[in-house]
Amino acid sequence: MVHISTKLTESNRLKKPMFSFEFYPPKTGQGVQNLYDRMDRMHALGPQFIDITWNAGGRLSNLTCEMVNVAQSVYGLETCMHLTCTGMPKEKVDEALKEAYKAGCTNILALRGDPPRENEKWEADPNGFRYAKDLVKHIRNTYGDYFDICVAGYPEGSEEDTPPELLLQHLKEKVDAGATFIITQMFYDVDIFLDWVQKCRDIGITVPIIPGIMPIHTYAAFMRRAKWTKCRIPPRWLELLEPVKNDDVAARQIGRDLVVEMCQKITDAGIYQLHFYTMNLATATRMVLEGLNLIPTLDQVHPPLPFRPSLGFNRKDENVRPIFWKHRKASYVQRTQDWDEFPNGRWGDSRSPAFGEVDSYGIGLRGSNESNIKLYGNPKSIRDIADTFVRYMNGKLSTLPWSESSITAEVDVIKDELTSLNLRGFLTINSQPAVNGAKSSDPIYGWGPRNGYVYQKSYLELFVSPEVLSDLITNVEHDPDMTYYAVDKAGNLKTNSPDHPNAVTWGVYPGKEIIQPTIVETISFLAWKDEAYRLGEDWAHCYDNGSVSRHLLQGIMDSWWLINIVDNDFHRSSAIFRLFDNLEVKNIDETLEVADHMKELTINGDDKPLVAVNGGTNGVLTNGKTNGVHANGETNGVVAN
């Protein structure tokens with residue numbers, strides 16, 4: 001259980017600045033997904049926590065609870081949930097607190113809240129709470145010390161023109177009711193803020209006070225927000241910003257310098273915490289953090305595990321995951337959300353209940369058909385698809401259907417080998433290099449406690465044409481240190497792996513058992529298989545039914561095999577790639593042509609197009625049969641066990 005106030009105390013003890021971000025629920029489903037992606041990226045900036053607002057009147061309350069759950073469980077972000085009295089009967093408050101508890105959220109920002117837009121004055125719900133202090137008391141009485149409770153402070157008064165002395169008294173009452181820290185409304189005059197902090201201390205408010213910082217995105221937004229909150233703008237700020245009010249880039253740059261100067265003055269005064277109102281945007285906030293030199297460098301980031309741990313209520317001790325979801329952490333969390341317990345120390349019986357279905361919301365390919373076509377182009381040959389994978393390897397694409405994030409520095413040492421494989425028609429979707437005793441503090445491979453050593457086995461996962469599958473498996477089986485799993489879309493499995501989990505990443509640390517956080521094993525690979533083929537089909541279905549791209553991609557998903565290979569000798573760095581040296585995927589430059597009479601045909605009764613390639617290879621249909629797998633399920637040279 002992590003309380004924000006504990007982090008604040010440690011920050012003050014070390015006199016080390018820390019910061020946090022505020023986000024609000026978007027109004028559209030696509031906006032929510034875009035924000036999740038942004039929150040995930042902004043995690044790399046190093047916030048100690050985030051908070052998510054509660055809509056005035058509670059109309060987006062369900063979305064707030066959902067976003068808190070996703071932030072905690074999927075993205076591993078310590079989250080503080082806003083909760084207001086506005087439009088909230090006690091039953092709804094209790095429901096929201098229960099959802100926060102179930103999500104593993106241990107921090108609440110208790111607010112009275114603004115009136116709904118249609119109401120001029122705030123009115124208490126007859127079955128709810130009138131003041132924030134009442135909400136604080138209720139949370140304390142119901143949950144004891146489980147929740148850390150934050151309340152709002154107003155250095156320059158409130159919208160309702162309540163006298164400053166009375167506002168301070170109300171703040172004291174909220175703290176006396178059980179609040180453990182304070183976040184202020186935005187301001188730009190540091191002297192006013194520091195004077196207000198002293199007044200708080202003078203009346204006995206001793207809990208940490210975090211200043212609310214609003215970065216300057218544009219001049220118009222800056223003026224609008226300052227007017228709305230009635231905060232004073234220092235004359236020098238206006239003198240500098242007014243001349244560039246029509247130049248957003250210049251206004252953002254000057255605004256960045258002013259806000260950096262303001263934050264520096266705050267930290268120089270001994271207040272080491274900053275809370276940024278991001279407005280769901282990243283650039284202006286990142287610019288301020290860069291100016292303050294607060295963004296951690298690679299060698300300062302020290303993850304506890306190779307994957308970002310979940311902070312979900314029952315997942316906080318989880319420390320083992322299959323490698324297959326390395327680049328799709330959100331779908332892994334969703335597909336295992338109904339598990340009663342999660343692997344800790346070893347992968348064992350916690351695999352039950354089974355993985356969730358792939359047709360659940362959020363599992364498939366993201367984005368609209370139009371956006372995916374723009375991203376991945378209109379492939380007409382295997383070469384075109386391979387070129388898309390190579391663009392991803394070279395950092396020119398930020399995603400692939402099987403990877404929600406950009407290529408990482410971890411694969412730099414094998415990037416040339418991966419590029420070569422893809423250019424030859426072997427479509428790689430996951431990999432890791434061998435690591436033999438890197439320091440746990442290593443900026444690229446390191447994880448876990450200090451003074452330890454980490455290890456990895458070479459791992460490769462890819463789609464393989466059926467015409468080369470047998471030769472590849474033969475090569476693998478000739479090396480006693482290599483193990484593999486190969487599966488087709490129908491679930492026919494080939495393997496030489498023993499029937500128990502194979503750890504492919506582990507760490508050794510002073511005074512601790514060996515930690516084995518990443519594994520390969522049968523049940524999870526078969527569950528991943530369904531998702532991997534589903535993602536390829538989703539990509540195919542971005543294109544019109546009669547299009548070349550649709551037929552090409554669908555044909556690959558229908559006939560190619562998904563294979564993963566582990567080199568169990570972690571001293572070797574490139575042996576896994578030598579398995580492919582004598583293999584060739586033929587005719588990868590052949591352009592697919594779909595005859596008019598074939599565009600509406602189906603395979604095995606499914607509404608899936610037949611695929612035809614001039615010359616016919618690689619599992620795509622020519623004259624009624626394929627060079628790897630017949631449309632009726634028969635095979636040429638590949639035995640479907």
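## Helices α7 and α10

In this predicted model, helix α7 passes helix α10 in a right-handed crossing. Residues Val190, Asp191 and Phe193 make the contact on the α7 side, and Met262, Lys265 and Ile266 make it on the α10 side.

Helix α7 comprises residues 190–202 and helix α10 residues 248–268; their axes come within 10 Å and cross at roughly 25°. An angle under 35 degrees counts as roughly parallel, and α7 and α10 are therefore roughly parallel to each other.

Strand β6 spans residues 181–186, of which 5 of the 6 are buried, so the strand is largely enclosed by the rest of the structure. The threshold behind this reading is a relative accessible area under 20%.

Strand β6 pairs with strand β5 (residues 148–153) in the parallel sense, over 4 bridges. Within this pairing, Ala152 has Ile183 of β6 as its bridge partner. Strand β6 also pairs with strand β7 (residues 209–213), again in the parallel sense, over 3 bridges. Here the bridge partner of Met186 is Gly212 in β7.

## The five-stranded open sheet

An open sheet is formed by 5 strands in the order β9-β17-β16-β12-β11, with mixed pairing. Strands β9 (321–322) and β11 (435–439) stand at the edges; each has a single partner strand, so one side of each is left without a neighbour in the sheet.

Strand β16 is joined to strand β17 (residues 515–520) by 4 bridges, and the two run antiparallel.

Asn502 lies in strand β16, which covers residues 502–508. Its relative accessibility is 17%; because buried means under 20% relative accessible area, Asn502 counts as buried.

The side chain of Asn502 is joined to that of Asn568 by a polar contact of 2.9 Å. Leaving aside residues up to four places away in sequence, Asn502 touches Lys457, Thr483, Thr518, Ile519, Val520, Val566 and Asn568.

Conventions. Residues numbered from 1 in each chain as written. Predicted model: local features only at pLDDT ≥ 70, side-chain atom pairs only at ≥ 80, totals over all residues. Heavy atoms only, no water. Buried < 20%, exposed > 50% of the residue type's maximum accessible area, 1.4 Å probe, protein only. Polar contact = N/O pair within 3.5 Å; in protein donor to acceptor, adjacent residues only side chain to side chain. Contact = heavy atoms within 4.5 Å. Pairing = 2+ DSSP bridges. Axes fitted to C-alpha atoms, helices over the stretch in contact; angles between N-to-C directions. Parallel < 35°, antiparallel > 145°, perpendicular 65-115°, else oblique. Left-handed = near helix turned anticlockwise from the far one by under 90°.
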